[in-house]
Amino acid sequence: MDMNTLFNGMLPKVVENATTTANNTSASDGMHANVVESLLPLIGLRGFAPMYRFLGSWLGWDPTYLLTVLGFIWAANKLVRQIFYFLYGLITEHLMSTIHISSTDDIYLHLMTWLSRQPKMVNSRALMAETVSKTAWEDEDESTVARDRSGLYLNFSNQEARAAPQYIPAIGLHNFWWKGQYFRLHRKKESVFEDGSSGIGTFKDKEDLMISCLWRSPEPIKELLAHAKKQYYSDHQARTIVKRPNAQFMRRARNNWQQVANRPVRDMKTVVLDQHQKLQVLADMNEYLHPATPRWYANRGIPLRRGYLFHGPPGTGKTSLSFALAGVFGLDIHVISLLEPTLTEEDLSSLFSSLPRRCVVLLEDIDTAGLRRPEEEVQAAGKENAREEESNQTTSNDIKELAKVLKKEKEDQKKGISLSGLLNAIDGVASHEGRVLIMTTNIPESLDDALIRPGRVDLQVQFTYSTKEQAKELFIRMYEGDQGRPRHHTDAVKPVPTPDIKLNGSTSNGDVLSPETSSAVRSGELDISLDELPEIARQFGDKIPDGEFSPAEIQGYLLKRKKHPRRAVEEADKWVAALIKQKASRTKISQVQ
Ligand SMILES: Nc1ncnc2c1ncn2[C@@H]1O[C@H](COP(=O)(O)OP(=O)(O)OP(=O)(O)O)[C@@H](O)[C@H]1O
C-alpha cells in the first residue's frame, strides 16, 4: 500500500465528496491540491500555491495529508487538555484542600525559610535566587573570610557576593512531595490599591501563598506548616528577637511590627547587679507570666499588665537587664522610641493593641521622650485664652500676626506624643493585656507621677555605679572561658593562615605592629592562666573606687585589654586616676583609655 492509498482513507468527507472517482488516486490528488490551492488565496497566502505544488511533486504525495494529520493532532491535543483541565478542576474542587497564607504573617516566613532549605523537594524549574544576608550575630565559617595580602588582617569586601545564593519558589505554581504526600504551592503577587498617609492612594504589591494537598482534609498541610514552624524555631532557639514599629505606610496596612534583630540570648549572669534585685525582678516576672495568672487577675478584676521602671545613671545595665529578662523567659522584645517623628498617638495605641500574647515592651529613656505634660497643655490653653482676649483689643494687622503665632503653637502641640496619649496606649480600655512593660530612665525624678503610679509601674529597679565587688565580677565575666561557639563550627573551621610576623613585630608587607597587636595575634591566649583569674580579679576590684564608675566604663577599659588581664590590673591605677580627674574637670577627652 503506498502513501496515497493510506491517506486516501483518512481524507475528510468534504474532500472525498469532491472527488469524482474514488479509485482514481491521481484525480483525487489533483482535487485535494485544488481545494487547498483555492483556499490559500482566501487566507491571504496566494503566493504559497506554487510552493505547495512543488512540495507535492517533490514528496511524491499530496501535502494535504500532512496538514490533515497535523489538524487531527492539534484537535486531539485540545481535547486532551480540555479533559485534563476538567478532571483537574474536579479534583481541585472536590479532592484537594487548601490553606491560604498572607505574606505579612510569620507562617509565610517559616514556610519560605523551610522551602529554601529543601532544594530537592521543590520540583520546580522556576526559582527565585536571593542573596543571603547574614545578621551580625550569625555564626560564620572562619575559612570563608578572606585576608589581605599580608595575611594578617581580615578582609570582608564583596563577602555577600561571594556567598552562595539561596533559592525559593518563584511566583507561580509549584509541586513538591513531602512524607509521601503531594503538595501544590501557588505563590501569587497582586497589586492592591491603598490609601497613602498623605491622602494620595498608591498601588502596593501584596503577596499570598496558597498551599494545597491531595486530600479532603487540610491535615497534611497543617502538619507541614507545624513542621516548618518547629524547624524555624529550633534554628532560632536561644535567640532574642527585637522588633520595632514598622514604617508608617506599613503600619497603615495593619503590619505594625517589623523584626530588626535576632540576637543571641544575653545570659542573666553577664548582667552584674545586686543579687537581691535581680532575683526579685525574675521572681516577679515568673509569677506574672504563669499560665494561672490571667484567671487570678480576672477573678479580682485587675487588668493583666505588669510594668517595671529601671532607673539609674547611663551605662549601668538597664537595657542589658531588659534583654537578659527577655532571654530567660524566651520573649520577643518590642522597642518603641517615643521620639520617632512619624509616631502619632493613634499609631501608638494600635502598636500596643497588636502585641503578641506575651512579650516585653521596652520604652527606653522615657525622660527624654519629650512627652507633653498636662500642665503644659493647661498653660498652653491659658496662653491661648489670654491671647484671644488680647486680640480683641488689637488692630487688624496685629490680629493677623497673632493668628499666625497661635496656629504655630497649635501645630507644635500636635507634634509628638502627649502624656495622656501614652497613658492611654499603656493601659487604656483598648490596650493589650499580657505584656510586660519596661521603662528605662536616667532621671526618675523628672517623670510624671501619673506615669509611674502603681498599676503602671509595679516594680522599680535601681541601677547604680559599680561597687568593688561588681568590678571584680565584670573582670571575671570578661576573661572567663568562652562558651559561645557551637562545636560543629569549630570542627569545620579550616586552619587560619598564620600571619607572617617577623620578630620585630613587622609584617611581610612592612607594616609595623604595636606590641599588643602582634602578641595577641601570635598567641590568641590570655596573659594569665584561668586558675589565676579569681585572684587577679580581686586585685582589680580593689583598685576600683566604690560607686564612681559605671559598668559600661569598666567594660570599655577591659575590652581594650581583652587578651591582657594582667596588664589590665597593672594599668588600672593610672586609668582610675585619669578618669576621676576627667570627671572632675567635666572634660569629654580621656587621657588614659
Ligand atoms: N550591670 C551591668 N552588667 C554587665 N554589663 C553592663 C552593666 N551595665 C552596663 N553594662 C555594659 O555596658 C554597656 C551599656 O549597658 P546598657 O545599655 O545596659 O546601659 P543602660 O543603663 O541601659 O544605659 P543608658 O541609660 O545609657 O541607656 C553594655 O555593653 C553592657 O554590657
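Visitor: Leaving aside its neighbours within four places in sequence, with which residues is Thr98 in contact?
Guide: Thr98 is in contact with Met210, Ile211 and Ser212, where contact requires that the C-beta atoms of two residues, placed from the backbone, lie within 7 Å. Thr98 itself belongs to strand E1 (residues 97–102), and its C-alpha atom is separated by 5.5 Å from that of Ile211, 113 residues apart along the chain. The model is a predicted one, in which local features need pLDDT of at least 70 and side-chain atom pairs count only at pLDDT 80 or more, whereas totals for chains, interfaces and linings use all residues. Residues are numbered from 1 along each chain as its sequence is written.

Visitor: Why is Thr98 called partly exposed?
Guide: A residue is buried if 20 or more other C-beta atoms lie within 10 Å of its own, exposed if 12 or fewer, and partly exposed in between, with C-beta atoms placed from the backbone. Thr98 has 13 other C-beta atoms within 10 Å, and is therefore partly exposed. Ala261, in strand E11 (residues 257–264), counts as partly exposed because it has 15 C-beta neighbours inside 10 Å.

Visitor: What makes Leu95 exposed?
Guide: Leu95 has 11 other C-beta atoms within 10 Å, so it is exposed. Leu95 lies in helix H5 (residues 64–95), helices (H or I, at least four residues) and strands (E, at least two) being DSSP runs numbered from the N terminus. Leaving aside neighbours within four places in sequence, Leu95 is in contact with Leu214 and Arg216; the C-alpha atoms of Leu95 and Arg216 are 5.1 Å apart in space, although the two are 121 residues apart in sequence.

Visitor: How do you know that H5 lies largely in the open?
Guide: Of the 32 residues of H5, the number buried is 1, so H5 lies largely in the open. From its first C-alpha to its last, H5 reaches 45 Å, close to the 46 Å expected at 1.5 Å a residue; the expected span is 1.5 Å times one less than the number of residues in the helix.

Visitor: What is the phi of Lys179, and where does Lys179 lie?
Guide: Lys179 has a positive phi of about 50° although it is not a glycine, and it lies in the loop between strand E7 (172–178) and strand E8 (181–194). Most residues other than glycine have a negative phi. Lys179 counts as exposed because it has 9 C-beta neighbours inside 10 Å.

Visitor: Why does Asp365 count as partly exposed?
Guide: Asp365 has 17 C-beta neighbours inside 10 Å, so it counts as partly exposed. Asp365 is placed in the loop between strand E14 (360–363) and helix H14 (374–392), and its phi, near 45°, is a positive value in a residue other than glycine.

Visitor: Which residues of the largest nonpolar core touch the most other members?
Guide: Of its 55 residues, Val360, Val361, Ile438, Phe475 and Phe540 touch the most other members, a nonpolar core being a set of buried Ala, Val, Leu, Ile, Met, Phe, Trp, Tyr and Cys residues joined through C-beta atoms within 7 Å. This core lies between domain 3 (257–372 + 418–462) and domain 5 (468–584), because both give residues to it; the domain bounds come from an automatic or database domain assignment. A second, separate core of 9 residues includes Ile101, Met112, Trp114 and Ile211.

Visitor: Which residues come nearest to the ligand?
Guide: Of the 17 residues around the ligand, Pro314, Gly317, Ser320, Pro551 and Ala552 come nearest, and a residue is near a molecule if its C-beta atom, placed from the backbone, lies within 6 Å of it. Helix H12 (318–329) and helix H21 (551–559) each supply at least two residues of this shell, which also draws at least three residues from each of domain 3 and domain 5.
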